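Please read it alongside the sequence and the structure shown here.

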Amino acid sequence: KMLGEEALVPIGQPLRTSSAGALSHGSSSNLEILSHGDENTLDYRIKAADKTGSKPISLWHDVTLVHVDPATDRPTPYLNFVCEIPKFSRKKYEIATDEVGNFIKQDEKKGVLREFKKGDIFFNYGCLPRTWEDPTFVHPDAEGCRGDNDPVDVCEIGSRIVKTGEIRPVKVLGILCMIDEGEADWKVVAIDAEDKWAPFLNDIDDVAKQLPGTLDAIREWFRTYKIPDGKPPNVFGLDEKFMDKHYALEIIKECNHAWKDLITGEKERQLEECDVEVRGLVRKLSKSNLVDLSVVEDDEHPTF
């Protein structure tokens, strides 16, 4: 098959896996980032492929949550971060969760490409692969709001500008619970494992001590970035606190399990208890048939 031609998994059908596990990618070592279409158009897409050119890669489904050292083929203490929006830029690139292949596109509204009207974002922004904020689940700390139907968002605070589609190993430091138009939208704070600040940052309190003002600036960015669009400020759960690494990993683990339920069809079988709108949301997602869950068990988190 050519890039982008993989089939959707029929609702309720089990996931096809490979015997050798060659379809899962624990790092970017065997991947290259490609683009097609003209930039600044609705058709422009950024995609990943393995370097042989023979396998299409979903940056959502085919990259493992836990980073794997390409030299040893062993899990590391880090998670994989897929960058969608590089720091110091404003185009709203995102993984197209509802398109076959889950390539990255620039978001659009009524045919107009979207940018942050507030201005450039000051951290690398993206997501954790193999996670899903389940729109049928209400977390007890999320002010009664359901998940936002997307992978878990990440704010990577390192000094490197990470390119759109690039995969980097990161240290998880903490998490913020944003409520976005009635949906829970968790924001993980992380730092590139190779950043010069990484040895000094091991939990959320370290960020406050070593990089004062950073967390407040992240919160205020998310509070105000929709105001130029005529929308009210966003609000936050948990008294607006950034929760620590342990709490963040629990949220990530829940969202990884939710992704597994989605991709294996288990979630589809549970949807009869949900309202029509939620069922419709889940069925709009594109589920790659290329995922191999046997390579790295993502719920066996290494010690951070």
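D107 is buried, with a relative accessible area of 12%, and its side chain meets that of R114 in a salt bridge of 2.9 Å, N to O. R114 is partly exposed, at a relative accessible area of 22%. The model is a predicted one.

**Salt bridges**

- The structure holds 20 salt bridges.
- Side chains of opposite charge can pair when their charged atoms come close.
- K267 and D134 form a salt bridge through their side chains, at 2.8 Å from N to O. This pair links distant parts of the chain, with K267 in helix α4 (residues 266-270) and D134 in the loop between β10 and β11 (146-147), 133 residues apart. Both K267 and D134 are buried.
- E39 forms a salt bridge with K91, and the closest N and O atoms are 3.3 Å apart. Because E39 lies in the loop between β1 (31-36) and β2 (45-50) and K91 in the loop between β5 and β6, the pair ties together parts that are 52 residues apart in sequence. E39 is partly exposed, with a relative accessible area of 44%.

**The largest pocket**

- The largest pocket has a volume of about 1200 Å³. Its lining comprises 39 residues, of which K92, E94, D107, R114 and D150 are the closest to the centre.
- The elements that each give two or more residues to this lining are β5, β6, β8 (108-109), β9 (112-113), β10 (124-127) and β14 (183-192).
- By class, the lining of the largest pocket has 23 charged, 14 nonpolar and two polar residues.

**The largest cavity**

- Rolling a probe the size of a water molecule over the atoms shows where empty space is left.
- The count comes to one cavity of 30 Å³ or more, and the largest cavity has a volume of about 30 Å³.
- The residues that line the largest cavity are K92, R114, E115, F116, K117, Y225 and D229. Five of these lining residues are charged, two are nonpolar and none is polar.

**Helix α2**

- Helix α2 (residues 214-224) is largely enclosed by the rest of the structure, because eight of its 11 residues are buried.
- The buried residues of α2 are T214, L215, I218, R219, W221, F222, R223 and T224.

- F88 lies in the loop between β5 (74-85) and β6 (93-95).
- With a relative accessible area of 51%, F88 is above the 50% cut-off and therefore counts as exposed.
- F88, F122 and I161 form a nonpolar patch on the surface, and together they have about 290 Å² of accessible area.
- Most residues other than glycine have a negative phi. F88 has a positive phi, near 65°.

**Other loop residues**

- D239 also has a positive phi, near 55°, in a residue other than glycine. D239 is found in the loop between β15 (235-236) and β16 (242-243), and at 67% relative accessibility D239 counts as exposed.
- D98 lies in the loop between β6 and β7 (104-106) and counts as partly exposed, at 47% relative accessibility.
- D98 and L285 are 187 residues apart in sequence, yet 4.3 Å apart in space from C-alpha to C-alpha.

Methods: Residues are numbered from 1 along each chain as its sequence is written. This is a predicted model: local features need pLDDT of at least 70, side-chain atom pairs count only at pLDDT 80 or more; totals for chains, interfaces and linings use all residues. Side-chain values use heavy atoms; hydrogens and water are left out. Patches are made of residues with over 30% relative accessible area and no salt bridge: like charges are joined within 9 Å, nonpolar side chains (Val, Leu, Ile, Met, Phe, Trp, Tyr) within 5 Å. Accessible areas come from the Shrake-Rupley method with a 1.4 Å probe; for residues, only the protein chains shown count as cover. A salt bridge is a side-chain nitrogen of Lys or Arg within 4 Å of a carboxyl oxygen of Asp or Glu. Helices (H or I, at least four residues) and strands (E, at least two) are DSSP runs, numbered from the N terminus. Buried means under 20% relative accessible area, exposed over 50%, partly exposed in between (1.4 Å probe, protein chains only). On a 1 Å grid over the protein atoms alone, a cavity is a set of points where a 1.4 Å probe fits but cannot get out, and a pocket is an open set with protein on both sides within 12 Å along at least five of seven lines; lining residues have an atom within 4 Å of a point. Grid points are joined across faces, edges and corners, and a volume is the space filled by probe spheres set on the points. Ala, Val, Leu, Ile, Met, Phe, Trp, Tyr, Cys and Pro count as nonpolar, Asp, Glu, Lys and Arg as charged, and the others, Gly among them, as polar.
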